[in-house]
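Please consult the sequence and the structure while reading the points below.

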Amino acid sequence: ETAPDVAGASDLQSRMLGPNAFELLVEVAHDFRSPLTSVLFLSETLRDGHSGEVNALQRSQLGLMYSAAFGLASVASDVVDLARRGLDLVDEEPSPYGFVEVFQTVERMIRPMVEEKNLELRIEIPAHGQSEGHAHALTRVLLNLTTNAVKFTNEGFVEIGVKQLQQGRLEYYVQDTGRGIPEDRREELFQPFKTRRGGQPGEFFSGSGVGLSIARRLVEGMGAELEFTSSDQKGTRFYFVLPGPVRR
C-alpha cells in the first residue's frame, strides 16, 4: 500500500506535468495574494510604529519582512494577470491624474525596501503637474520598474521621474546605479518564466521575468514602447514616452 504522503506527492507531480499545470499554478498564486497583502499591511504598520515603539533592529527586521512579502505578492499578482487577462491589461478609460499622486503611491510602497538597502530614492516631477491617461496602469509599471531597480542596486540611488519633451510628450523613467544588465540576458529580459541564473543574497524579488513582461504589455497598452539602456558603469535606465501635455 502506498503511503499517503507519497501518493499525494505523486498526484501533485502528475498534475504539475499535466495539461492543466498552468491553471493549477494560477490558482495557487491567487490563494497567496490575500494573506501576503495582510503581511504587507501588518509589517508596514508595525515598522512605522503605529502599534507601539520599535527599536532599530526590529525596524530592520520588519523591513525585510515587508520586502519579502512585497516580492511574493507582486509575483502572485503578475502570474494571475498574465494568465487571466492576457494582452488586455489596460482596460480603464483615460482620465486626468496628478503626477504627485502617482509618484507618492510608488514611493510609499517602495520606501521600506529602499531604506533597508540604504539607498537614496530620488523623485523628479513637476510640482503641480497633471496629465490624462491610465493612472492605474502607469503606477503599476513604475512600481514594477522601481522594484527591479532596488533589487539590482546595492549602493547609490534609484531615481524615478517624468520630464516633458517636445510636442507635449512625457517621458517616464526609472534610473538606478546598479550593476547593469549583462549582454547575454538582454534578449530574454521580457520573456516570462525564463530560467533563473545566479542571484544575490538578500534579494526578495522574482527572477522569472513575469513582472517585466507585464510592465511591457501595460506600456504597449498605453500606446508606447518600454525601452532601456544599461552599462556596468552607469547602471540601468528604463523609460517610455506617452502623449499628454502637462496641465497645471
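The expected span of a helix is 1.5 Å times one less than its number of residues. The model discussed here is predicted. In it, helix H4 covers residues 99–116, and its 18 residues reach 26 Å from the first C-alpha to the last, close to the 26 Å expected.

**Course of helix H4**

- H4 has a kink of about 50 degrees at Ile 110.
- The kink lies shortly before a proline, Pro 112.
- Just after H4, the residue Asn 118 takes a positive phi of about 55 degrees.

**Buried residues of H4**

- The buried residues of H4 include Phe 99, Val 102, Phe 103 and Val 106.
- Met 109, Ile 110, Pro 112, Met 113 and Val 114 are also buried.
- Ile 110 therefore is a buried residue, under 20% relative accessible area, and is also the site of the kink.

- Glu 107 and Arg 111 meet through their side chains in a salt bridge, with an N to O distance of 2.5 Å.
- The two residues are 4 apart in helix H4, which means that about one helical turn separates them.
- An α-helix has 3.6 residues a turn, so residues three or four places apart point the same way.
- Both partners are partly exposed: Glu 107 has a relative accessible area of 24%, and Arg 111 has 25% relative accessibility.

- A salt bridge joins the side chains of Arg 59 and Glu 115, at 3.2 Å from N to O.
- This pair links distant parts of the chain, since Arg 59 belongs to helix H3 (residues 56–84) and Glu 115 to helix H4, 56 residues apart.
- Arg 59 counts as partly exposed at 33% relative accessibility, and Glu 115 counts as partly exposed at 33%.

**The salt-bridge network**

- Arg 47 and Asp 48 form a salt bridge in which the closest N and O atoms are 3.7 Å apart.
- Is Arg 47 buried or exposed? Arg 47 counts as buried, because its relative accessibility is 5% and the cut-off for buried is under 20%.
- A network of salt bridges links Arg 47, Asp 48, Arg 59 and Glu 115.
- The count of salt bridges in the model comes to 9.

How values were computed. Residues numbered from 1 in each chain as written. Predicted model: local features only at pLDDT ≥ 70, side-chain atom pairs only at ≥ 80, totals over all residues. Heavy atoms only, no water. Bend = angle between axes of the 7 residues up to and from the residue. Buried < 20%, exposed > 50% of the residue type's maximum accessible area, 1.4 Å probe, protein only. Salt bridge = Lys/Arg side-chain N within 4 Å of Asp/Glu carboxyl O.
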